[in-house]
Amino acid sequence: MRYSKLFIPTLRDDPADAEVISHKLLLRAGFIRRVTSGVYDYLPLGLRVLRKIEAIVRDEMNRSGAQELLLPMVQPAELWEKSERMEKYGPELLRFNDRHGHESCLGPTHEEVICDLISRELRSYKQLPMNLYQIQAKFRDEIRPRFGLMRGREFIMKDAYSFHADEASLNAEYDNMFATYCRIFERFSLNFRPVEADGGSIGGSKTHEFHVLAESGEDLIAHCSGCDYAANVETAMSKRQAVNTPSAALLMVETPHVTSAEDVAAFLHADLSTLLKTLVYRAVGGANDGMIIAACVRGDDQVQEIKLTHAIAADSIEMASDDEIAQIGGITGFIGPQKLNCKLFLDHSLTAACGLITGANKANAHITGLDVDRDLEDIHFADLRETRAGDACNTCGAEIELSRGIEVGQVFALGTRYTEPMQVLFQNQQGKRALATMGCYGIGISRLMAAVVEQCNDDSGIAWPQALAPFSVGLISMGKSEAVLQTSAQIYQALLDAGIEVLWDERNERPGVKFKDAELIGLPMQLVIGDRGLKAGVVEMGWRKGGRSEVAVGDVVAKVIDLLKGQLADKNTGSIN
């Protein structure tokens with residue numbers, strides 16, 4: 001493609017509303033443009049990258065044995081009502097009525113639709129297992145779309161759904177998809193990590209997220225420095241050295257207008273770890289909908305609300321109001337676990353703890369000397385605290401580290417979460433009707449484009465991995481002489497004939513403009529043809545992030561082919577030999 005014919009509306013400066021580097025660079029380099037909040041146009045360069053991501057994903061999914069299909073984006077509301085997710089999914093599910101008054105929604109995911117299809121077509125165990133996938137646009141009405149393609153409302157996703165006759169078959173396919181995802185992200189040359197995770201609104205008994213490691217990531221990942229354990233902090237478990245405070249008699253102390261754990265510790269000249277922090281929540285959804293509960297952690301810990309939600313079997317939780325706290329015998333700012341008229345949950349780290357400081361359920365007062373075993377009744381222990389850097393790994397005891405990650409994929413073992421309400425049945429080997437089990441597996445195609453840029457950039461712009469670059473080679477003609485243009489045209493055509501994707505910058509622009517645009521767009525390899533080089537019979541060749549060398553004009557095409565095949569490239573330095 002000739003640069004002068006390609007639609008690349010580059011920008012000189014960073015857009016004012018772009019916060020993360022991928023958003024800035026994809027806009028500046030002319031890959032995307034904003035249509036409205038959380039919705040983007042993919043311009044020619046951006047679409048070329050998307051198609052390459054899709055091609056790799058499609059190649060590995062086909063290799064895994066999955067079959068591609070395409071499901072509708074518009075889904076009838078009755079399917080969501082049948083799965084009991086119509087209300088649970090919440091306001092992110094965009095609903096509308098057609099001219100006949102039929103309620104529908106724009107699909108944020110396709111469990112209901114695929115289950116409806118399979119329930120009508122599945123007859124025998126002989127048809128199982130099967131794994132069906134699609135690559136398609138999704139819509140989730142995010143309340144705060146941000147970070148460009150990282151969290152949009154409309155996005156492109158690969159979603160796969162597998163159906164099985166038993167749990168053993170489901171687990172085998174889960175492992176198959178896990179391995180497939182690892183191969184996919186390795187082909188993207190990404191620094192990524194699979195981690196244990198929470199199923200969220202999708203559900204399921206087992207799930208792993210795949211995170212591209214980047215400081216801009218919205219998720220916090222806990223991983224062990226000594227073994228392979230890794231988990232999202234929403235579910236991560238770890239060990240903490242117990243606080244050995246001597247037992248003492250209960251004593252009420254005045255703490256006027258001192259409410260936060262940090263301020264109480266400072267006021268009483270105590271270590272923050274000796275405080276017992278009590279937070280009161282209301283369960284939302286589930287068997288305990290509306291129930292008020294109190295959760296206690298050490299003063300130097302934070303309640304991980306996802307863990308607490310699972311502990312009380314709720315769909316979600318909300319902080320209790322001042323009135324609700326008063327109704328159970330507490331007072332906001334001075335809540336303690338004693339004699340609260342609600343179910344009491346303590347983190348495991350507080351087991352048999354002694355000599356603690358806690359709220360007195362009285363204004364401007366705290367209690368010292370609290371012993372968990374002696375002074376509290378009807379306790380429910382659970383893993384409630386958020387894992388911190390420096391904790392000990394539950395598996396090997398080594399130190400836990402924390403990193404930021406961008407979630408780009410997730411695999412779920414769903415069991416019968418959807419097949420039961422959607423009645424996905426088959427005839428088993430015994431001739432009886434049986435319920436199929438199910439897995440689902442997603443990759444954010446458009447988010448991946450942003451995640452790659454978050455890892456692959458420098459001060460000059462994007463630095464695409466070869467497998468994903470919109471063009472493999474940037475050919476830059478320097479000067480206006482007939483010799484430069486003629487040689488450039490010959491090399492350009494020869495590269496095209498060899499099947500190499502090349503962008504030829506033949507514009508009548510200053511050298512500085514051409515080089516800046518080339519660095520911003522980030523093609524892996526550059527060829528520079530100028531009068532000075534041609535006089536010596538050479539072309540300058542170099543990697544986007546690496547060394548440069550001179551190659552004889554007659555050898556350029558063969559050299560490019562060899563290098564792009566990886567035969568002569570040093571992967572560690574990017575230098576050209």
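Before we turn to one particular pair of helices, a word on terms: an axis here is a line fitted to C-alpha atoms, taken for helices over the stretch in contact, and angles run from 0 to 180 degrees between N-to-C directions. Please also keep in mind that this is a predicted model.

Let me begin with the chain as a whole. There are 14 helices and 33 strands in the chain. Its C-alpha atoms occupy a box of roughly 95 × 70 × 50 Å along the principal axes. The chain has 577 residues, and 53% of them count as buried. Among contacts with a separation of 6 or more, 69% are between residues 24 or more positions apart. The accessible surface is about 25,700 Å², and carbon and sulfur atoms contribute 48% of that area. As for charge, the chain carries 61 positive and 80 negative side chains, with the centres of the two sets 6 Å apart.

I now come to the helix pair. Helix H1, residues 21-28, packs against helix H10, residues 445-455, at an angle of about 105 degrees, and the axes are 8 Å apart. H1 is therefore roughly perpendicular to H10. Which residues in H1 and H10 meet? From H1 they are Ile 21, Ser 22, Leu 25 and Leu 26, and from H10 they are Met 449, Ala 450, Val 453 and Glu 454. Helix H10 is largely enclosed by the rest of the structure, because 10 of its 11 residues are buried. Among those buried residues are Ile 445, Arg 447 and Leu 448.

Next, a residue in a loop. Asp 289 sits between strand E15 (276-284) and strand E16 (292-298). Is Asp 289 buried or exposed? Its relative accessibility is 53%, so Asp 289 counts as exposed. Leaving aside residues up to four places away in sequence, Asp 289 touches Ala 283 and Val 284. The C-alpha atom of Asp 289 is separated by 70 Å from that of Met 478, which is 189 residues away along the chain.

Finally, some points of backbone geometry. Most residues other than glycine have a negative phi, and most peptide bonds are trans. In this model, the peptide bond from Leu 128 to Pro 129 is cis, and Pro 129 lies in the loop between helix H4 and strand E7. Glu 84 has a positive phi, near 65 degrees, and is exposed at 55% relative accessibility. Ser 189 also has a positive phi, of about 60 degrees; this residue belongs to the loop between helix H5 and strand E9.

Definitions and conventions. Residues are numbered from 1 along each chain as its sequence is written. Side-chain values use heavy atoms; hydrogens and water are left out. Helices (H or I, at least four residues) and strands (E, at least two) are DSSP runs, numbered from the N terminus. Buried means under 20% relative accessible area, exposed over 50%, partly exposed in between (1.4 Å probe, protein chains only). Contact means heavy atoms within 4.5 Å. Accessible areas come from the Shrake-Rupley method with a 1.4 Å probe; for residues, only the protein chains shown count as cover. Lys and Arg count as positive and Asp and Glu as negative; His and the chain ends are not counted. The place of a charge is taken as NZ of Lys, CZ of Arg, CG of Asp or CD of Glu. Angles under 35 degrees count as roughly parallel, over 145 as roughly antiparallel, 65 to 115 as roughly perpendicular and the rest as oblique.
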